[in-house]
Amino acid sequence: MIVVLVTEALVFVLVVAGILAERPRALMLTAVAGAAALAVPAAVPRVRATLARAFDEHRVVALVGGAVGALALPFALRGSPYWTFVATLALLYVTIGQGLNLQIGTAGLINLAGAAFAGIGGYTVGLLTVSAAWPPWLAVMVAPLVAVAVGTVLFVPILKTRGHYLALVTIAFVFIFNVLMNNFEFTGGPQGIKNIPTLTLFGHRFTTAPRLLGVALPAHANFYCACLLVATVTTIITRRLHDSWLGLALNTLRDDEIAARCCGISITRAKITAFCVGNFFIGLGGALYAVMVGFVSPPDFDFGYSLVMLSVIIIGGVDSIPGVVLGACLLVPLPERFRFLHEYRLLLYGLVIVLMLLYRPAGLWPAGVRRYR
Amino acid sequence: MPPLELLLQQALNGLMLGVMYALIAVGFTLFFGVLDVIHFSHGDIYMLGAFAGLTALAAATAAGVGSGVVALAFAFLASILVTGLIGVAAERLCVKPLARASPLMTLLATLSLGLVIREAVLIFYPRGADPKPFPRLLPQGGFEIGGVAVRYENLVILAIGLAAMIAVDLVITRTRMGAAIRAVAQDAEAAQMMGVDLDRTVDATFFIGSGLAAVAGILSGLYYSEIHFIMGITGGVIGFSAAAIGGLGNVYGAILGGLVFGLLQTMAAAFIPRGSEFRDVVAFGVVMLFLIVRPRGILGARTVERV
């Protein structure tokens with residue numbers, strides 16, 4: 001138990017230090033410490049075994065410790081509203097990534113339209129709150145359903161096409177979505193929708209900075225907590241789905257459709273279910289993004305973001321629930337951390353992804369073999 | 001019924017776009033043939049071809065080449081060579097090592113490679129963020145025939161595109177290397193048993209495909225008089241769409257698909273209200289519908305799934 005708590009405290013300190021270290025020396029020190037923390041369990045099998053056993057035996061402690069750490073993060077980052085925002089963004093990508101992972105990882109439906117479905121969620125919130133004056137809470141709850149409803153357009157291609165052809169259809173869908181949003185008058189064209197009202201909870205507006213336990217936190221801490229809750233619930237739901245009969249059926253049809261059909265799995269029903277549930281979470285992520293940032297415009301949801309979403313799940317580990325969390329928490333903040341590289345940032349980002357695929361194709365946290373106890 | 005002249009005029013414009021799309025699509029379809037992968041960075045290779053051509057033109061001007069024709073010929077050759085080699089490098093580094101992995105891996109790897117190429121041009125080309133004016137080297141002016149305005153430069157672009165396609169067709173159907181490419185596309189293992197060098201054949205295929213993309217890049221520079229580092233994104237997606245409409249793996253299908261896509265765009269722009277804004281919606285919508293109805297493309301081979 002001590003091992004678990006010490007390890008988690010160490011990870012927490014490293015994460016905070018990694019985010020906040022500014023001076024070159026502090027940054028170097030953190031990088032060395034981080035590398036050492038990764039290298040020791042990787043190189044010494046006994047340390048690795050001890051850690052694995054400790055985490056296995058004290059799961060509850062580990063989860064509670066992780067939750068405390070996640071809740072403590074805004075306190076550690078209180079001096080930097082920007083980093084609180086980035087952390088919140090990472091949590092949104094966890095939500096979106098879990099939805100997309102159910103489609104791409106578990107069911108093998110190559111959906112490159114993630115950005116479009118997030119955009120549908122975001123634009124729905126914008127239209128409902130600004131044009132129809134709905135309360136933001138209601139709009140955020142309806143938006144994922146709209147994403148699912150629009151997703152019905154792709155039902156036939158999902159069932160009829162596979163592999164590269166499905167990839168093309170979904171890419172075409174993102175392009176169509178972008179052109180439409182750019183040219184419709186009611187979506188504000190290239191300007192998008194501005195002044196989306198923010199969420200309120202018991203009269204507390206999410207844009208006002210909260211004071212918790214006597215500590216003044218940046219305003220984004222509100223959204224951090226909300227998104228943490230959403231990301232946690234999403235992860236629990238997708239985990240249960242993944243471990244359920246549905247998840248097993250989806251894995252089977254991903255690996256061999258004919259064999260799946262021989263086992264009595266309805267391909268149509270399984271694929272449609274996975275696609276709709278996935279779109280729900282992707283739309284939810286987009287909707288929360290809209291209320292957090294306060295505006296939506298076409299470039300916020302272009303094809304490049306589909307690529308980021310795809311890299312989150314592949315670098316994390318295809319079909320791996322914890323992998324998605326890890327992927328989102330690494331890939332979203334890291335480019336921000338390396339802002340000092342200026343224009344070389346995206347270039348290196350692309351290179352890192354290519355290298356990862358070549359040398360660690362299973363991802364950082366590969367999906368394990370299913371265990372049934 | 002729209003007037004016939006308008007229809008013909010739009011058909012000519014569509015043909016112009018179609019030739020460029022077809023040249024990109026042939027690359028996609030050739031790569032799919034030999035390695036069964038979609039090389040998504042091909043669109044950015046096409047962009048690279050345009051920039052290599054522009055650089056070669058600038059170099060030719062700096063070296064004091066007075067004649068436009070010579071400069072242009074030099075630009076084409078240099079760009080085909082450079083872009084072809086970069087295409088081979090991309091294949092060696094990023095496509096072939098992953099060819100046996102799931103399509104998802106090659107998808108993300110080549111999309112990321114495209115990002116790298118795009119960013120590299122943005123950063124390392126002088127003032128890479130701005131659209132670059134492309135010199136007008138083709139004869140200006142034109143004539144009218146039956147109410148259709150035909151510009152000389154359009155004819156030259158068509159002729160160059162057509163020549164490139166015929167050249168590729170000859171290479172594939174008449175040469176030893178072409179026979180090797182066709183053999184590998186049919187069955188890589190059997191081809192190797194017959195003594196075909198797989199690595200060399202794949203390299204040659206990527207050189208040819210990327211070279212064609214370079215031709216398309218320079219042609220698009222000549223046509224629009226402007227090139228931009230982001231042109232590869234839409235260029236790639238359209239090229240892939242064209243290859244898929246035609247049937248992946250089939251060279252003639254890819255050419256047909258490119259022409260169909262170009263015609264769809266121009267017709268949508270001309271005959272649908274606010275069509276110029278929504279032309280891509282129409283074109284991509286048709287592609288989606290088409291893939292639903294005929295998932296293997298116009299000329300694609302019917303495959304029977306075996307267990």
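In which loop of chain A is the place of A:Asn195? A:Asn195 sits in the loop between H9 and strand E1 (200-201) of chain A, where helices (H or I, at least four residues) and strands (E, at least two) are DSSP runs numbered from the N terminus.

Before I continue, a word on conventions. This is a predicted model, in which local features need pLDDT of at least 70 and side-chain atom pairs count only at pLDDT 80 or more, while totals for chains, interfaces and linings use all residues. Residues are numbered from 1 along each chain as its sequence is written, and chains are lettered from A and ligands numbered from 1 in the order in which they are written.

To return to A:Asn195, its phi is near 55°, a positive value in a residue other than glycine. A:Asn195 counts as exposed because it has 10 C-beta neighbours inside 10 Å; buried requires 20 or more other C-beta atoms within 10 Å, exposed 12 or fewer, and partly exposed lies in between, with C-beta atoms placed from the backbone. In chain B, B:Ser225 also has a positive phi, of about 55°, although it is not a glycine. B:Ser225 is found in the loop between helix H8 (198-224) and strand E4 (226-227) of chain B, and its 14 C-beta neighbours inside 10 Å make it partly exposed.

I turn now to the contact between the chains. It takes 37 residues from chain A and 37 residues from chain B, two residues being in contact if their C-beta atoms, placed from the backbone, lie within 7 Å. On the side of chain A that touches chain B, the largest share, 13 residues, comes from H9(A). That side divides into 29 nonpolar, six polar and two charged residues (nonpolar: Ala, Val, Leu, Ile, Met, Phe, Trp, Tyr, Cys and Pro; charged: Asp, Glu, Lys and Arg; polar: the others, Gly among them).

How do the two H9 helices meet, and at what angle do their axes cross? The axes of H9 (residues 163-183) of chain A and H9 (residues 231-246) of chain B come within 11 Å and cross at roughly 135°. The contact is made by A:Tyr165, A:Leu168, A:Ile171, A:Ala172 and A:Phe175 of H9(A), with B:Val237, B:Phe240, B:Ser241 and B:Ala244 of H9(B). By class, these are eight nonpolar, one polar and no charged residues.

Finally, H10 (residues 251-271) of chain B is mostly covered, with 17 of its 21 residues buried.

How values were computed:
Axes fitted to C-alpha atoms, helices over the stretch in contact; angles between N-to-C directions.
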